[in-house]
Every structure is written in C-alpha cells, then in structure tokens.
Amino acid sequence: MKHWKYLWPHEFIELRRGNTVLGTGYVDETTDDASVIWIHLANGRGRILIHHHDGIDIWRLDARISGHRGHS
C-alpha cells in the first residue's frame with residue numbers, strides 16, 4: 001500500500017521491509033498528509049509510529065485469513 005491515506009482505522013495490516021515480515025497490527029490513525037501512521041501491533045506489542053520514508057511497506061490483510069479476530 002503506497003498511499004496510506006486510503007487505509008481505514010482498525011484495518012488489519014502487515015508490516016514488511018522487502019521480503020521480511022516485521023509484524024502485523026491495526027491502523028490507529030494517520031496524519032492529514034498521510035506521511036505518518038500509527039499502528040497498534042498485534043498480540044499486545046504496543047503502538048508504533050511509522051514515517052513514510054522509514055522503508056516499511058504496509059500490506060492490507062483480511063484478519064479472517066490470518067486467524068486474528070477483532071481489535072484489542
């Protein structure tokens with residue numbers, strides 16, 4: 001997902017750098033210009049801020065496919 005402005009709050013996503021999966025989580029919020037995004041990491045791992053230039057790709061996932069349910 002190159003345009004973070006199209007991500008929805010509470011949407012389940014996967015964080016990747018190249019072919020490496022860094023983790024999964026839920027979109028919390030983005031800045032108005034969509035250059036910064038806050039993610040609640042899955043499994044209670046906290047909340048992180050990612051800048052568009054950090055080199056992290058965000059992939060949309062369907063929580064049902066990955067076995068994750070809801071937003072905690």
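Guide: Glu14 lies in strand β1, residues 12–17; helices (H or I, at least four residues) and strands (E, at least two) are DSSP runs, numbered from the N terminus. This is a predicted model, in which local features need pLDDT of at least 70, side-chain atom pairs count only at pLDDT 80 or more, and totals for chains, interfaces and linings use all residues. Residues are numbered from 1 along each chain as its sequence is written, and side-chain values use heavy atoms, with hydrogens and water left out.

Visitor: Is Glu14 buried or exposed?

Guide: Buried means under 20% relative accessible area, exposed over 50%, and partly exposed in between (1.4 Å probe, protein chains only). Glu14 counts as buried because its relative accessibility is 11%.

Visitor: Which residues does Glu14 touch, not counting residues up to four places away in sequence?

Guide: Contact means heavy atoms within 4.5 Å. On that basis, Glu14 touches Val21, Gly23, Thr24, Asp57, Ile58, Trp59 and Leu61.

Visitor: How is a pair of aromatic rings described?

Guide: The description gives the distance of the centres and the angle of the planes. Rings of Phe, Tyr and Trp (its six-membered ring) pair if their centres lie within 6.5 Å; planes under 30 degrees apart count as stacked, over 60 as edge-to-face and the rest as tilted. The structure holds one aromatic pair. Phe12 and Tyr26 form this tilted pair, at 5.0 Å centre to centre with 45° between the planes. Phe12 belongs to strand β1 and Tyr26 to strand β2 (residues 20–30), 14 residues apart. Both Phe12 and Tyr26 are buried.
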